[in-house]
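Here is a short briefing on one protein structure. Look at the sequence and the model first, then read the points below.

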Amino acid sequence: MLKNATAVSVDKSEVRSVTPKRFWNPRLLILLIPPIIWLSVFLFVPYITLFINSFWKVDFGTIVHDFSFSNYTKFFTNELYYGTLLKTLKIAFWVTLFSILLSYPLAYFINYKIKKNKQLMYTLVIIPLWVSYLVRAYAWKIVLGQDGILNSFLLAIGVIDKPLEIFLYSPYAVILALTHIYTPWVLMSIYTSLEHIPQNLIEASKDLGAGRFRTFFKVVLPLSMPGVIAGATFAFVLTMGDFLAPQLLGGTSSMMISNVVYSLFGVANNWPLGSAIGIITLIIVIGILEMAHRLEKKTASF
């Protein structure tokens with residue numbers, strides 16, 4: 001009996017000693033090399049380069065490799081830069097809020113109210129994702145323009161006497177267009193979370209006497225919060241990095257932080273300042289992603 005027990009213990013130790021060695025399989029390392037190279041070349045190296053450039057200075061249009069915090073100081077002391085960032089955060093907040101308010105009822109309706117052709121309805125909702133971003137942005141320019149569809153409709157029904165200029169080249173046009181563009185992303189996340197809620201939990205809530213609204217607020221909404229947070233993160237982060245819609249629909253009065261970075265790199269030739277603003281924006285985005293991740297884990301425990 002003792003010899004058998006010793007043999008078994010030896011066998012287990014051998015298994016434990018063999019198991020870690022399988023992780024360092026040469027074939028596995030060969031498979032990991034391409035993604036590591038890809039991430040290094042197209043992600044880590046550009047970010048490191050951007051970070052290093054943010055400490056240089058520009059002297060008469062020439063980049064001087066003189067270490068300085070002047071670019072970061074300029075950002076926090078110049079209202080044009082930090083004010084534009086605050087405006088960007090405000091626009092991103094409204095786009096995220098409107099996207100959630102549009103997406104949640106629609107996702108709830110598709111998941112719980114539609115019995116037939118549910119996948120067809122879901123496909124019709126996300127069809128705008130198949131259309132080019134540029135086409136959708138220009139479409140809103142046609143709709144909101146001075147001679148656009150909206151002004152023509154209001155003139156035809158007699159609401160206004162002459163075309164209005166307030167629809168286009170304003171923050172409202174940017175928020176409207178970005179809400180339309182990013183709502184399908186939010187809807188996909190919310191719909192997925194609703195689809196994975198066990199039906200027996202909803203039936204149990206009703207069997208225990210909870211009404212429709214109580215079931216929604218006590219069961220459906222808490223369990224769908226991870227999808228809401230994921231969709232909100234999509235909308236917020238993508239809006240912060242958007243520069244085309246503000247340029248086409250917002251004009252100079254609705255310039256966002258990405259437009260500032262674009263002008264510093266492409267027009268002003270001030271790469272160090274543009275790099276510093278890019279690093280600050282990146283830190284904010286990483287902070288938002290970390291907060292969303294923590295909140296999503298907390299709501300997932302429901």
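Ile-33 is found in helix 2, residues 26–53. Helices here are DSSP runs (H or I, at least four residues), numbered from the N terminus. This is a predicted model: local features need pLDDT of at least 70, side-chain atom pairs count only at pLDDT 80 or more, and totals for chains, interfaces and linings use all residues. Residues are numbered from 1 along each chain as its sequence is written, and side-chain values use heavy atoms, with hydrogens and water left out.

**Surface patch**

- Ile-33 counts as partly exposed because its relative accessibility is 43%. Buried means under 20% relative accessible area, exposed means over 50%, and partly exposed lies in between (1.4 Å probe, protein chains only).
- Ile-33 belongs to a nonpolar patch on the surface, and Trp-38, Phe-44 and Ile-52 are among the other members.
- Together, the patch residues have about 1,200 Å² of accessible area. Accessible areas come from the Shrake-Rupley method with a 1.4 Å probe; for residues, only the protein chains shown count as cover.
- Patches are made of residues with over 30% relative accessible area and no salt bridge; like charges are joined within 9 Å, and nonpolar side chains (Val, Leu, Ile, Met, Phe, Trp, Tyr) within 5 Å.

**Nonpolar cores**

- The largest nonpolar core has 29 residues. Such a core is a set of buried Ala, Val, Leu, Ile, Met, Phe, Trp, Tyr and Cys residues joined through side-chain atoms within 4.5 Å.
- Two or more residues of this core come from each of helix 4 (79–113), helix 5 (118–126), helix 8 (171–195) and helix 10 (212–240).
- Helix 8 gives the most, with 10 residues.
- A second, separate core has 19 residues, including Tyr-81 and Met-240.
- Ile-190 is one of the residues with the most contacts inside the largest core. Not counting residues up to four places away in sequence, Ile-190 touches Ser-103, Tyr-104, Ala-107, Gly-227 and Val-228. Contact means heavy atoms within 4.5 Å.

**Salt bridges**

- Side chains of opposite charge can pair when their charged atoms come close.
- How many salt bridges does a search of the whole structure find? The search finds 2. Each needs a side-chain nitrogen of Lys or Arg within 4 Å of a carboxyl oxygen of Asp or Glu.
- Asp-66 pairs with Lys-57, with the closest N and O atoms 3.3 Å apart. Asp-66 is partly exposed at 35% relative accessibility, and Lys-57 is partly exposed at 31%.
- Arg-294 and Glu-290 form a salt bridge at 3.0 Å, N to O. These two are separated by about one helical turn because they sit 4 residues apart in helix 13, residues 271–300.
- Arg-294 is exposed at 56%, whereas Glu-290 is partly exposed at 37%.

**Aromatic pairs**

- The structure holds 17 aromatic pairs. Rings of Phe, Tyr and Trp (its six-membered ring) pair if their centres lie within 6.5 Å; planes under 30 degrees apart count as stacked, over 60 as edge-to-face and the rest as tilted.
- Phe-93 and Trp-94 are edge-to-face, 5.3 Å centre to centre, with 70 degrees between the planes.
- Tyr-108 and Phe-216 are also edge-to-face, at 5.6 Å and 85 degrees. Their pair links distant parts of the chain: Tyr-108 in helix 4 and Phe-216 in helix 10, 108 residues apart.
- Is Phe-216 buried or exposed? Phe-216 counts as buried because its relative accessibility is 18%.
- Ring pairs also link Phe-51, Phe-55, Phe-67, Phe-69 and Tyr-72 into a cluster.
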